[in-house]
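Please open the model in the viewer and keep the selection panel at hand.

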There are 2 protein chains.
Amino acid sequence: MTTSKEGIAVKMVLDAWYAKVNQFDKLLAELSDEQLLNEVSPGRNRGIYLLGHLTVMANSMLPLLGYGENPTPHLVTPFVKTPDKQTSDLPSVTELRQEWEKAKTLLGEHIAATSTDEWFRKHTSVSEEDFAKEPHRNKLNVMLSRACHVDYHLGQLIFLKNSK
Amino acid sequence: MTTSKEGIAVKMVLDAWYAKVNQFDKLLAELSDEQLLNEVSPGRNRGIYLLGHLTVMANSMLPLLGYGENPTPHLVTPFVKTPDKQTSDLPSVTELRQEWEKAKTLLGEHIAATSTDEWFRKHTSVSEEDFAKEPHRNKLNVMLSRACHVDYHLGQLIFLKNSK
């Protein structure tokens, strides 16, 4: 059991990530495929778009954390670079639910194999030179900002509950 | 300049808090009082309620972090314990904007005076006994969870932009 302050900080951030992931999973289990096709609010993103968006964002953490390639590069354009409702060629909700499961599981395997020291090393989109001056731009900070990012969209997806 | 890992972790979490606070401030500056009286989505909380809610949540961090009393205990019932639109006796948007400014400033003063070691000490709602077993239940974790909490509601408040 680690009781170093840095070990505690790592646990705090990873706990936050998993709390948000579990909250998202719980909501996904409660929402039907039909509900996920609704807009979270009139004129706003649909549930399917946010499901795809959060899946891509999870997969895009793999290269950012130095764990390897993004396994779903084809989902970046429709779910990150393009606003919702501008592409008719999206995967089905069923497929996206499976992609989310895979993304979460694969990321979880890498997270579990990462040491405390490693969390404080630089992520891949910051240079060695910048990192020397800004050591907070580390892998753990990626987890922290992405945990909050999930929360941002959970605040929207919750509106789909009780929708027709 | 601190380069200890725990110092870096503190900076990461406080940066996240201030990023969310600044994002909220920017949005508040863009929204009119009239827009803040709208529901963020049909049948959901109004902007005024979420403004009061985030203000109370910021003020309630003071006792939790051991910084003193919540300066606005009278706002807890209307903005935390009671759902929106069940009380007609709410402060005006103008008053709530001022309360938010005060809450953010007061909390900021206490944050600035807190040492790295202090951030890793227990918050006031966990017992010494539990904290010995769960040292992640510290003051820094309060900041982390509250930063994400702001993000959750920012995802909703953003819907007020371009509302009538």
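A pocket is here an open set of grid points with protein on both sides within 12 Å along at least five of seven lines. The model on display is a predicted one.

**First stop: the largest pocket**

Colouring the lining by class will show 4 nonpolar, 4 polar and 1 charged residues.

**Second stop: where the chains meet**

Next, display chain A and chain B in separate colours. Here 36 residues of chain B are in contact with 36 residues of chain A. About 3000 Å² of area is buried between the two chains, and carbon and sulfur atoms give 72% of that area.

Which residue of chain A forms a salt bridge with B:Lys5? Select A:Asp117, the partner of B:Lys5, and find the closest N and O atoms, which are 3.4 Å apart. Between chain B and chain A the count is 2 salt bridges. The count of residue pairs in polar contact between the chains, both residues being at pLDDT 80 or more, is 9.

Now select helix H1 (5-30) and helix H9 (139-157) of chain B, the elements that give two or more residues to the side of chain B that touches chain A. That side of chain B comprises 18 nonpolar, 8 polar and 10 charged residues.

The model has 2 cavities of 30 Å³ or more.

For the largest cavity, select A:Trp17, A:Leu54, A:Met57, A:Ala58, A:Met61, A:Trp100, A:Arg146, A:His149 and A:Val150, which line it. This cavity holds about 50 Å³ of space. Helix H3 (47-64) and helix H8 (139-157) of chain A each supply at least two lining residues, and H3 of chain A gives the largest share, 4 residues. By class, the lining has 7 nonpolar, 1 polar and 1 charged residues.

For the second largest cavity, turn to chain B and select B:Trp17, B:Leu54, B:Met57, B:Ala58, B:Met61, B:Arg146, B:His149 and B:Val150. The volume of this second cavity is about 40 Å³. Helix H3 (47-59) and H9 of chain B each provide at least two residues of its lining, which divides into 6 nonpolar, 1 polar and 1 charged residues.

Definitions and conventions. Residues numbered from 1 in each chain as written. Chains lettered and ligands numbered in written order. Predicted model: local features only at pLDDT ≥ 70, side-chain atom pairs only at ≥ 80, totals over all residues. Heavy atoms only, no water. Nonpolar A, V, L, I, M, F, W, Y, C, P; charged D, E, K, R; others polar. Contact = heavy atoms within 4.5 Å. Buried area = accessible area lost by both parts, 1.4 Å probe. Salt bridge = Lys/Arg side-chain N within 4 Å of Asp/Glu carboxyl O. Polar contact = N/O pair within 3.5 Å; in protein donor to acceptor, adjacent residues only side chain to side chain. 1 Å grid on protein atoms, 1.4 Å probe; cavity = no way out; pocket = protein on both sides within 12 Å on 5 of 7 lines; lining within 4 Å. Points joined across faces, edges and corners; volume = space filled by probe spheres on them.
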